[in-house]
Amino acid sequence: MEPLFEEYLANRGTIVKPYYWLSFSLDCSNCPYHIRTGEEARVSYTEFYQIFGFPYGPTHPQTKHLMFYELKTSSGSLVQKGHASSCTANNTHPESMLFEMSGYFDAAVYNNEGIRHIVLYSSSSPCNEADHCCVSKMYNFLTTYPDVTLSVYFSQLYHTDTDFPASAWNREALRSLASLWPKVTLSPISGGIWHFLLDNFVSGVFGSTVFQPILTGRALADRHNAYEINAITGVKPYFTDVLSQTKEDQNVTAQAAAESYAFNSVFPGQPLQGTSAQPQPSQTPDLRVPVVFVLVPFRDLPPIHAGQNPYKPRNVVRHLNMPQMPLQETQGLRRPATATPVGTVEITEQSVSNKADGKKKKSKGKK
């Protein structure tokens with residue numbers, strides 16, 4: 001079965017059409033590239049504030065959804081980071097794009113057996129409404145890959161109040177997903193996770209701004225989310241970190257919370273430490289891991305303009321893999337087809353090497 005998506009190499013990561021037939025649309029500002037990986041996944045602070053409701057808390061119901069993600073190995077090493085945005089033109093949620101059969105995560109995990117943990121940081125909790133079926137697709141994905149664990153962090157609950165006609169479906173779907181604990185954990189974004197997101201997924205935020213104190217409105221919203229998800233699922237959130245900070249130690253406490261989160265959020269089932277514990281930098285994954293790609297032949301980056309792209313590739317750029325994890329060849333016709341890797345390239349802020357370099361790497365790889 002052919003993959004649904006197309007992936008193109010960009011300067012600081014990749015950009016992905018979640019559905020190869022998507023084109024530029026006046027009804028959706030993100031079309032057709034709703035998935036972005038590596039440093040391409042960073043968003044502006046304004047967009048982060050508007051969709052995630054940080055630092056002041058949610059101000060109005062959201063029509064747009066944004067989800068950051070990390071793919072990790074069993075040891076907690078980062079394989080790939082990225083984001084997925086909702087499509088307003090086709091009314092598609094990020095979870096639906098990433099978790100569906102023959103979709104992006106399906107191909108990523110199938111082609112890289114080292115991926116054992118997926119972490120989601122979403123503006124909204126996953127739903128299971130008829131137009132999206134996000135939770136059903138996530139559940140089926142986890143059934144297909146029983147060795148993969150999932151941690152879901154959300155900024156606000158989506159359509160779980162009784163005012164919404166589909167609230168009963170969404171609440172039941174969240175209970176079903178939470179029943180997979182400890183394979184799956186559901187928690188509100190709070191405390192140190194906010195600082196982690198600012199540092200790793202938001203552009204133009206530096207220094208002490210990253211560790212700004214959590215304001216009262218946001219902290220109260222996070223506490224409410226923790227109470228509600230516990231009431232819905234009957235399972236206490238795996239990670240809840242609402243800080244009570246003073247002016248003298250707020251930045252120090254915030255930084256310690258972020259470091260504590262980076263250590264404690266690797267996998268469900270590990271002992272959780274409070275924010276008052278001493279940080280353990282020696283065990284914290286290096287958040288500056290260089291972006292490493294395993295490439296197949298690719299076309300040049302498609303022009304960013306309206307209209308059809310005359311250079312539609314037949315092959316796709318494969319997912320990020322660490323050098324010590326060789327790409328496995330596809331066996332059988334049931335799964336997404338793969339192409340032969342031609343080399344490993346470390347991507348920095350510089351432009352991607354040209355096709356001639358790619359051919360040289362390919363010839364070296366065959367010797």
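Buried means under 20% relative accessible area, exposed over 50%, and partly exposed in between, with a 1.4 Å probe and protein chains only. The model is predicted: local features need pLDDT of at least 70, side-chain atom pairs count only at pLDDT 80 or more, and totals for chains, interfaces and linings use all residues. Residues are numbered from 1 along each chain as its sequence is written, and side-chain values use heavy atoms, with hydrogens and water left out.

View 1. Strand 6 spans residues 117-124, and eight of its eight residues are buried. Helices (H or I, at least four residues) and strands (E, at least two) are DSSP runs, numbered from the N terminus. Two strands pair if DSSP finds at least two bridges between them. Strand 4 (residues 66-72) runs antiparallel to strand 6, joined by six bridges. Here K72 has H117 of strand 6 as its bridge partner. Strand 7 (residues 149-156) pairs with strand 6 in the parallel sense, over seven bridges.

**View 2. The crossover through helix 4.** Strand 6, helix 4 (residues 134-144) and strand 7 form a right-handed β-α-β unit. Right-handed means that, with the strands pointing away from the viewer, the path from the first strand over the helix to the second runs clockwise.

**View 3. Helix 3, a mostly covered helix.** Helix 3 covers residues 104-111, and seven of its eight residues are buried. Those residues are Y104, F105, D106, A107, A108, V109 and N111.

View 4. A salt bridge is a side-chain nitrogen of Lys or Arg within 4 Å of a carboxyl oxygen of Asp or Glu. K17 and E6 form one, with their closest N and O atoms 4.0 Å apart. K17 lies in strand 2 (residues 13-17) and E6 in strand 1 (residues 6-10), so the pair ties together parts eleven residues apart in sequence. Both residues, K17 and E6, are buried.

**View 5. Further charged pairs.** The whole structure holds eight salt bridges. R36 meets E40 at 3.7 Å, N to O. R36 counts as partly exposed, at 25% relative accessibility. E40 is buried, with a relative accessible area of 17%. Elsewhere, E70 forms a salt bridge with K72, the closest N and O atoms being 3.8 Å apart. E70 and K72 are both buried. Salt bridges with shared partners also link E39, R42 and K81 into one network.

**View 6. The whole chain and its confidence.** The protein has nine helices and ten strands. Of its 367 residues, 51% count as buried. Contact means heavy atoms within 4.5 Å. Of the contacts with a separation of 6 or more, 71% come from residues 24 or more positions apart. The pLDDT is the predictor's confidence in each residue, from 0 to 100. Its mean over the protein is 74, and 63% of the residues reach 70 or more. Residues 256-345 have pLDDT below 50, and this stretch has 195 contacts in the model beyond near neighbours in sequence. Residues 359-367 also have pLDDT below 50, with three contacts in the model beyond near neighbours in sequence.
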